[in-house]
Amino acid sequence: MKKRHPVGILALTLCGIYLILPLLVTVVYSFTGDWSSILPRSFTLRYYADLFQNPQFWSSVLRSVIISIIPVIITCVFVILALYTTVIYNPKLEKYIEVACTIPYTINGIILATSVLGAYSASQTILGNRLFMLVCIYCIGCLPVTFRGIRNNMYAVNIRQLIEAAEILGASKIIAFFKVVVPCMVSGIMVSVLMCMAALFGDFAIIRMIASTQYMTAQSFLYESRNSPVQLTSAIVTVLFLVTLIITLSVLFVQMRDKTKSTALPVTEEEE
Amino acid sequence: MSDTAKRTSKIKISPKEIITQYWTLLPFLLLVIMFEMVPLFSMITHSVSKNRGSGLTLENFQEVFSRPIYQTAIRNSLSLTIFSSVLGIFLVFITSMALYRTQNKFKSVYMSMLTLTSNFTGIPLAYSFITILGYTGVFVQIGKQIGLDLLANFDLYTIAGLGFLYIYFQLPMGTLLLLPAFEGIHKEWQESAELMSASPFQFWIKVGVPVMMPSILGTFTMLFANALTAYATPYLLTGASVPILPIKVADLFVGDLRSRPELGSALSLVLLATMLIVIVLSNLVKRAFMKGEK
């Protein structure tokens with residue numbers, strides 16, 4: 001019994017318009033030659049041509065992609081390794097790992113970046129290296145979502161039985177874990193991996209604090225273009241949005257496929 | 001197993017076994033200690049140390065609370081955050097309730113749209129709003145042409161403009177977080193309330209909202225934290241003209257002026273403390289509501 005309420009429909013319509021309109025206008029604007037009255041006067045692909053011929057743009061996008069993939073992979077490996085110990089040998093430790101992984105919800109973005117900068121900016125060791133700092137800060141930032149994703153999936157695949165079965169067949173615990181359990185979780189973990197990637201791809205605050213001069217990402221490139229024509233910035237926004245769109249669509253695709261494929265436990269993303 | 005057996009079994013674990021069992025924890029521990037614990041600790045010690053020389057002091061905090069620029073920043077940050085999260089949670093509730101009642105197909109399309117726009121934040125979002133509502137923005141131009149003053153005189157580069165923009169990134173995130181909580185409202189409750197001739201409004205005020213309160217508060221704290229630490233969007237839009245806490249904190253570390261990490265750490269802690277206060281308060285209220293359930 002699901003009734004449609006006019007107020008509800010109105011709310012959804014208004015919310016939809018508010019969310020879609022800025023995006024839509026920006027995309028259309030990037031194709032216009034001149035838009036100073038109600039409707040655009042002319043259309044052009046000039047700004048895309050300019051943008052695509054700029055090698056700086058491509059290198060900054062490439063840097064963004066690299067820096068949003070590496071930390072996510074590192075975090076996944078570290079969290080899976082840590083949860084291996086807790087699941088197999090010492091389940092009591094899991095709650096401490098959970099606390100460590102939940103802290104970045106509160107100490108996020110600018111607070112995390114300033115605290116790391118305060119601690120290590122004067123260090124002569126690798127800790128003082130800005131790129132190393134950046135990767136590690138991103139790793140910490142990925143912890144909450146990665147931990148939730150991995151832990152929920154570990155319980156969904158019934159890890160203990162799998163390992164016992166593999167041990168009966170003569171595999172050691174660690175081999176059983178990485179050859180049997182981890183491959184079962186890959187598609188489940190994909191969702192959290194992609195979500196983290198999308199978030200890192202959009203980061204500007206941390207990159208500006210830590211490595212704005214050494215490592216120019218697409219977001220910094222966009223920021224530096226603030227004195228360019230609005231069409232050009234709109235074109236950059238459109239391209240960056242397309243990248244995020246691809247990542248988000250992959251999330252939806254993975255979720256859809258999992259839903260039809262199995263009736264495993266639903267992965268609930270609850271906060272805190 | 002008797003107590004002695006337990007004890008001997010504990011002693012039996014050799015150092016080698018400890019290593020084989022626990023080495024996989026090491027990388028994670030190292031990361032968390034070096035980039036979560038140590039920095040947090042150093043932020044606290046920095047905030048109470050003197051600008052030059054050694055010794056403990058509270059003068060950094062004194063400066064934070066007495067200099068007008070930081071007072072304004074704290075005030076701006078608080079009003080922006082409270083405005084956008086209170087109005088935000090209200091809009092989020094209405095939107096997710098309406099969405100919960102729609103058919104599955106429409107719901108999944110709408111949710112995809114929300115997921116998509118929830119990633120549209122930071123610098124690109126700021127540019128997008130400049131394109132539509134900046135000084136020469138499309139809608140401002142249209143407002144001027146058709147004589148609609150509300151649009152023609154819209155000033156994005158003020159605290160009110162920022163508030164309007166903050167709602168943009170609060171709505172999709174909040175709705176996606178709160179939507180699952182509506183599953184907890186059983187249809188039978190609604191039907192029995194109807195039988196007792198309660199209006200839908202009465203049902204939600206007396207039953208629905210209280211039952212959902214823990215989720216609502218959880219979503220609220222996420223919105224609050226999200227708005228309080230927002231940096232990129234206001235940095236590009238208003239920069240120095242509307243001082244807010246995250247921008248001031250960043251300026252003290254990497255700004256054009258001489259960097260002052262001690263003062264920056266103190267200001268950063270104020271930001272963190274504000275967030276913690278809200279989290280603790282919401283947990284207290286949450287607990288009160290959970291007690292009622294039992």
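Let's start with one residue in this predicted model. If we skip its neighbours within four places in sequence, A:Ile137 is in contact with A:Leu112, A:Ala113, A:Val116, A:Ile206, A:Ile210 and B:Phe35.

On the H6(A) side, the contact is made by A:Cys136, A:Ile137, A:Cys139 and A:Ile140, while H3(B) brings in B:Leu31, B:Phe35 and B:Glu36. Sort the residues of this contact by class and you get 6 nonpolar, no polar and 1 charged.

Now zoom out to the two chains. In total, 68 residues of chain B are in contact with 65 residues of chain A. H3(B) turns up again here: with 12 residues, it supplies the largest share of the side of chain B that touches chain A. That side of chain B is made up of 45 nonpolar, 20 polar and 3 charged residues.

Finally, back to A:Ile137, this time as part of a core. The largest nonpolar core has 152 residues, and A:Ile137 is among those with the most contacts inside it, along with A:Ala113, A:Ile210 and B:Leu267. Helix H8 of chain A (residues 173-201) gives the most to this core, with 14 residues. Chain B takes part too, with at least three residues from each of domain 1 (12-47) and domain 2 (67-293).

Notes: Residues numbered from 1 in each chain as written. Chains lettered and ligands numbered in written order. Predicted model: local features only at pLDDT ≥ 70, side-chain atom pairs only at ≥ 80, totals over all residues. Contact = placed C-beta atoms within 7 Å. Helix = DSSP H or I, 4+ residues; strand = E, 2+ residues; numbered from the N terminus. Nonpolar A, V, L, I, M, F, W, Y, C, P; charged D, E, K, R; others polar. Core = buried A, V, L, I, M, F, W, Y, C linked by C-beta atoms within 7 Å. Buried ≥ 20, exposed ≤ 12 C-beta atoms within 10 Å, placed from the backbone. Domains from an automatic or database assignment.
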